[in-house]
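User: I would like to go through the labels attached to this model and see what each one rests on.

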Amino acid sequence: MVLSDDERSSWQELEAELAQDPRLARLSTRVAAVAAGAGSPTRAVLLHAFGACVGLVVLGVGVLTHNDSMESAGVAVLVGTCVVAGLAFVAIGLIGGRHPRPR
């Protein structure tokens, strides 16, 4: 989205005013520290991959033994793992995606 000169100057003035607030400066520092730590999601990937494998094994055992409760538990673990993993990857993408866009 292209900003006009007036909008750009207003935006810069607003950023300058916000930079003067010490609470926002501390918050910005904390968010930057979290974003720097979120750059390597290997632990989250391994944890969710392990959860998905456990869910798949439980589901497989439930199918082989014709046990409905095991099948339900396997599906619940798989769905829960996939939902949490998806949310984690979206959060990592949003935190890590603060790069300026080329014009």
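This is a predicted model: local features need pLDDT of at least 70, side-chain atom pairs count only at pLDDT 80 or more; totals for chains, interfaces and linings use all residues.

User: What makes the contact between D5 and R8 a salt bridge?

Analyst: The side chains of D5 and R8 meet at 3.5 Å, N to O. The cut-off is a Lys or Arg side-chain nitrogen within 4 Å of an Asp or Glu carboxyl oxygen, so the pair qualifies. The structure holds 1 salt bridge. Side chains of opposite charge can pair when their charged atoms come close.

User: Why is D5 called exposed?

Analyst: The relative accessible area of D5 is 59%. Exposed means over 50%, so D5 is exposed.

User: Why does R8 count as partly exposed?

Analyst: R8 has 32% relative accessibility.

User: Which residues form the nonpolar patch on the surface?

Analyst: L3, W11, L14, L18, L24 and L27 form the patch, with about 530 Å² of accessible area together. Helix α1 (5-19) and helix α2 (22-37) each supply at least two of its residues. The largest share, 3 residues, comes from α1.

User: Where is L3 placed, and why does L3 count as partly exposed?

Analyst: L3 sits in the segment before α1. Its relative accessibility is 30%. Buried means under 20% and exposed means over 50%, so L3 counts as partly exposed.

Definitions and conventions. Residues are numbered from 1 along each chain as its sequence is written. Side-chain values use heavy atoms; hydrogens and water are left out. Patches are made of residues with over 30% relative accessible area and no salt bridge: like charges are joined within 9 Å, nonpolar side chains (Val, Leu, Ile, Met, Phe, Trp, Tyr) within 5 Å. Accessible areas come from the Shrake-Rupley method with a 1.4 Å probe; for residues, only the protein chains shown count as cover. Helices (H or I, at least four residues) and strands (E, at least two) are DSSP runs, numbered from the N terminus. Buried means under 20% relative accessible area, exposed over 50%, partly exposed in between (1.4 Å probe, protein chains only).
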